[in-house]
Amino acid sequence: TTLMAADFIEIGRAKIHFGYGSESFKQQSKTFAQTNYSLRLMESIAVCVRENEPALLVGETGCGKTTVVQQLARLCERELVVQNLSLQTDSTDLLGGFKPLELKNVARKVYL
């Protein structure tokens, strides 16, 4: 079950507090179906959020992983940045990397 109040949202056993007083989140989403599966998944994710634990969502394409997290972020009025990963994703895609430069090209711009 989902319970929404002025300063918290409760999804099953997970209760997440937030300091916002807005009423906009109480509107139901027209694109999200609150099925038993999606609410159980949202509860598990909400527990991870409450306990500040990482969560890895793995599943087939289109099974609702991103949608559940987007719905939870909308309910809690939090900004969400979505980063889609695949087997080809490398750590440099997330963290950045170094590009080797020749010192003469760098020094030339400083002294000219």
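**Close-up views of a predicted model**

**View 1. Helix α2 and its buried residues.** In α2, the buried residues are Lys65, Val68, Gln71, Leu72, Ala73 and Leu75. Buried means under 20% relative accessible area, exposed means over 50%, and partly exposed lies in between (1.4 Å probe, protein chains only). Helices (H or I, at least four residues) and strands (E, at least two) are DSSP runs, numbered from the N terminus. This is a predicted model, in which local features need pLDDT of at least 70 and side-chain atom pairs count only at pLDDT 80 or more, while totals for chains, interfaces and linings use all residues. Residues are numbered from 1 along each chain as its sequence is written, and side-chain values use heavy atoms, with hydrogens and water left out.

**View 2. Gln71 in helix α2.** Gln71 sits in α2. Gln71 counts as buried because its relative accessibility is 4%. Thr31 is 40 residues away along the chain, yet the two C-alpha atoms are separated by 9.5 Å. After α2 comes Glu77, with a positive phi near 55°.

**View 3. The largest nonpolar core.** This core holds 14 residues. A nonpolar core is a set of buried Ala, Val, Leu, Ile, Met, Phe, Trp, Tyr and Cys residues joined through side-chain atoms within 4.5 Å. Ile9, Ile16, Met42, Val68 and Leu72 have the most contacts inside the core. At least two core residues come from each of β2 (8–11), β3, α1 and α2. The biggest contributor is α1, with five residues.

**View 4. The largest pocket.** Its volume is about 1100 Å³. Of the 35 lining residues, Leu57, Lys65, Thr66, Val69 and Gln83 are the closest to the centre. On a 1 Å grid over the protein atoms alone, a pocket is an open set of points where a 1.4 Å probe fits, with protein on both sides within 12 Å along at least five of seven lines; lining residues have an atom within 4 Å of a point. Grid points are joined across faces, edges and corners, and the volume is the space filled by probe spheres set on the points. Two or more lining residues come from each of β3 (14–17), α1 (36–50) and α2 (65–75). The largest share, six residues, belongs to α2. By type, the lining has 20 nonpolar, ten polar and five charged residues. Here Ala, Val, Leu, Ile, Met, Phe, Trp, Tyr, Cys and Pro count as nonpolar, Asp, Glu, Lys and Arg as charged, and the others, Gly among them, as polar.

**View 5. Val47 in helix α1.** Val47 is part of α1. A relative accessibility of 14% is why Val47 counts as buried. Leaving aside residues up to four places away in sequence, Val47 touches Arg13 and Ala14; contact means heavy atoms within 4.5 Å. Gly12 is 35 residues from Val47 in sequence and 9.5 Å away in space, C-alpha to C-alpha.

**View 6. Asn52 in a loop.** Asn52 lies between α1 and α2. At 70% relative accessibility, Asn52 is exposed. Its phi is positive, near 55°, and Asn52 is not a glycine. Most residues other than glycine have a negative phi.

View 7. Cys48 has 21% relative accessibility, so it counts as partly exposed. Cys63, at 35%, also counts as partly exposed. Zero disulfides (pairs of cysteine sulfur atoms within 2.5 Å) turn up in the whole structure.
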